[in-house]
Amino acid sequence: MALAGSMLAVACAPEPPAATGVLSEEYFVSARVDEPYLLRIRVPPGYDPSGARRYPLVVQLDPTFAGLEQYAITVGLVSEAAAAGEGPEAIVVGVDYDDPTLRERDYLPPEPPDPTFDGEGADRFYRVLTEELLPELQDRHAIDPQRRYLLGHSNGGIFAWYAALRHGSDAGAPPLAGIVAADNGYPEALFTYERWHAERSEDWPLAVYATRATYNGAGQAVVFDAMIDRIEGRRFPGLRLETEVLETDHGGAVWPSYEGGLRFLLGEAP
Amino acid sequence: MMPVIGWFAVLLVAPAPAPAPAPAPAPAPAPHVAEDGRRSGRTHLQLDASVLWGVGGQMFLGTQVRGVAVLEHWATARALGTWDLGGAFAYQNEPTFLAPWIDTTQVEGATHRTQLVAHVGHTVHMGPRRRSALGLHVLGGWNAWRSHYRVHYSLEDVRGEATSTRHAAVLGGELRFTQRLHRRVGLNVVAGGMVPTQSSYLISLAHVGLGLSFYARPRSWGRR
């Protein structure tokens, strides 16, 4: 949406904070899709994958799509906060593609939503994420399984909501402890997933940081407010919910959403 | 010797001497720059009405009305230069049918942008009769942004309506080509954009337009 505005935001955006730690790239082959995923991985300074210290995991969607450099921003914010002693160190994994437009295949829920969650699009990508990628990352890295977070902007934010709403109280520990849903749309399907969650579960034990950009217009404000009102009305005891309305546009929402969201999700330095 | 009566007869039938011809009325001054390429010393008024297409938060359609006083400044054998001072009013509308990601069965409304700006620029009038003009103008003024939408998700019983407004100063530029077709009417093509002092969603990014230009010379403005 509004690619021109996003590109303008790119042109005017400041450089992300410098990354610390070690950055690497590798491919991840899923049994469920044909094209491999390109993982962009940041581990903290002094990181020992076999050490006793466990780190939060931040999974970043759309790492490089449309030049918005979401992975670089998130890595920079985590690095900066940790270096300043204002936030914990974290492992950051950007789930990218050789062709970043493949996100369209993965992030959007099927229309209409499939109550069995056996469809394609977000249904399939959720299975890739929770049944293949997260277990492999968990095996290979020193990740705290109770602190795994998903960050998405725009359609990535739609998937973040979707992933958060997939969990039911009978499914054990949620695969994610929290999400940042940055300036995404709110199609009717998201309300359906929210209703399904409320029908099968009395709690929603995770943290949600949701933002919208004012300049996207009043249409997004209507559905954003409707979703937040509906969720708050459920009174899920385990839910931590924070929202922010940003005085900016779609591209401009990336940085402040992740800055506020990482602070909300990761908290203070240990 | 001719009888007296004869003289009278001659006087009566002789044609009267022709009156001195009245001076021909001076042709009305042209409402545009002179076709002979010389400075006329007059101030002209140009009114442009154009339809616009452009990009702000999404694609928009719009209209622009611009009026400028055209002040001649220099002339060469090939062109005449003018300073143009005036203002413009523009209205831009971002409809849902130009946003394919919006389901128009669920969302109604539009984003509106209104701009009132001053124009200052320079135009070069070219061609054998100085009918082709290319001008570059700086514009600046006020921009109002208003977003109003209604949403209805029938399956999930989500219904609502909201309005957002913002005001911002704008600064930009326009390139305008005008081809005069008639003493008082021409065609114009315009391309412009805003300096990104604010989000393009608020103030727009760029536009192109096509329209008519009208030429006039207010009586009271005479010679400079």
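Trainee: Which residue in S6(B) stands opposite Leu139(B)?
Mentor: Gly172(B) is the one opposite Leu139(B). Before we go on, bear in mind that this is a predicted model: local features need pLDDT of at least 70, side-chain atom pairs count only at pLDDT 80 or more, and totals for chains, interfaces and linings use all residues. Residues are numbered from 1 along each chain as its sequence is written, while chains are lettered from A and ligands numbered from 1 in the order in which they are written.

Trainee: Thanks. How many bridges join S5(B) to S6(B)?
Mentor: There are 22 of them, and the two strands run antiparallel. Strands here are DSSP E runs of at least two residues, helices are H or I runs of at least four, and both are numbered from the N terminus. Two strands count as paired if DSSP finds at least two bridges between them.

Trainee: And which residue in the turn has a positive phi?
Mentor: Asp157(B), at about 55°. S5(B) and S6(B) make a hairpin there, with four residues between the strands. Tyr153(B) has Val158(B) in S6(B) as its bridge partner.

Trainee: What about S4(B) and S5(B), how do they pair?
Mentor: They pair in the antiparallel sense over 20 bridges. One of the facing pairs is Ala118(B) with Gly140(B) in S5(B). These strands also form a hairpin, this time with five residues between them, and Gly127(B) in the turn has a positive phi of about 95°.

Trainee: Zooming out, how many helices and strands are there in chain B?
Mentor: Two helices and eight strands. Starting at the N terminus, the elements go α-β-β-β-β-β-β-β-α-β.

Trainee: In what order do the eight strands of chain B close into a barrel?
Mentor: The order is S1-S2-S3-S4-S5-S6-S7-S8, with antiparallel pairing. From one strand to the next, the twist averages 20°. A helix of the other chain comes in here too: H7(A) packs on this sheet and touches S4, S5 and S6 of chain B, with its direction at about 160° to that of S6(B). Such angles run from 0 to 180 degrees between N-to-C directions, with axes fitted to C-alpha atoms, for helices over the stretch in contact.

Trainee: Switching to the chain A sheet, in what order do the eight strands run?
Mentor: It is an open sheet in the order S1-S2-S4-S3-S5-S6-S7-S8, with mixed pairing. S1 (22-28) and S8 of chain A are the edge strands, each pairing on one side only. The twist averages 15° from one strand to the next.

Trainee: Over how many bridges do S6(A) and S7(A) pair?
Mentor: Five, in the parallel sense. Ile179(A) has Val208(A) in S7(A) as its bridge partner. Helix H4 (residues 122-140) of chain A packs on the sheet, touching S1, S3, S4 and S5 of chain A, and its direction makes about 135° with that of S5(A). H8(A) packs on the sheet as well, touching S3, S5, S6, S7 and S8 of chain A, at about 165° to the direction of S6(A).

Trainee: Last one: is Trp255(A) buried or exposed?
Mentor: Trp255(A) is buried because 24 other C-beta atoms lie within 10 Å. This residue lies in helix H8 (residues 254-266) of chain A.

Methods
Contact = placed C-beta atoms within 7 Å. Buried ≥ 20, exposed ≤ 12 C-beta atoms within 10 Å, placed from the backbone.
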